[in-house]
Structure formats: C-alpha cells, structure tokens
Amino acid sequence: MNGDGTTDVAIANRDSDDVSIFTNDGAGQRTLAFRLPVGDGPIDLTLIDLDLDGDLDLVTANENSPSLTVLLQG
C-alpha cells in the first residue's frame, strides 16, 4: 500500500466506518499507519489498479448503504 515492496494490511472496520492501514517495517512487524474514512458499514475491500497508473487503489463494499467507496492512490 505504501509502495516500499513489503506486504501491508488493510482492514475494513464496519462499526467505525473506516479502513485501518497497517504498514510493514520490513522485519515483519506491522504498525497502524492511518485510518481512512469510507462508506457506512464497510464489510469487504479489495485492492485493484482502477485508474491504470500502476498504484493499487482501495475499494470497499458498504453494508449499510447501497454503495462502494473508491480511494485512488497516487
């Protein structure tokens, strides 16, 4: 997610309507880097390069509203 070549983790938080991003320090330790607000009740997420710029973008499916949230990276 931060482009440093290590595996980071994104978690959808349904109760707080956000996504937590944990970055990897390269030694296997993950630290909460930031939280991103998304739609009402995110229940699933995916990373995909929607705008074809080479960076992964984050998309959430929101349970409590008929919507997706798209967060473009870059």
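A salt bridge here is a side-chain nitrogen of Lys or Arg within 4 Å of a carboxyl oxygen of Asp or Glu. The model is predicted, so local features need pLDDT of at least 70 and side-chain atom pairs 80 or more, while totals for chains, interfaces and linings use all residues. Residues are numbered from 1 along each chain as its sequence is written, and side-chain values use heavy atoms, leaving out hydrogens and water.

**View 1. Arg35 and Asp18 meet in a salt bridge.** Their side chains come to 3.0 Å, N to O. The pair links distant parts of the chain, with Arg35 in strand β3 (residues 30-37) and Asp18 in strand β2, 17 residues apart; strands are DSSP runs of E, at least two residues, numbered from the N terminus. Asp18 counts as buried at 10% relative accessibility, whereas Arg35 is partly exposed at 45% (buried is under 20% relative accessible area, exposed over 50%, partly exposed in between, with a 1.4 Å probe and protein chains only).

View 2. Arg14 sits in the loop between β1 (9-13) and β2 (18-24) and Glu63 in the loop between β5 and β6, so the pair ties together parts 49 residues apart in sequence. Arg14 is partly exposed, at 45%, and so is Glu63, at 42%.

**View 3. Thr60 is buried in the model.** This residue of strand β5 has a relative accessible area of 1%. Take a look at its contacts (heavy atoms within 4.5 Å): beyond its neighbours within four places in sequence, they include Val19, Val38 and Leu68.

How values were computed:
Helix = DSSP H or I, 4+ residues; strand = E, 2+ residues; numbered from the N terminus.
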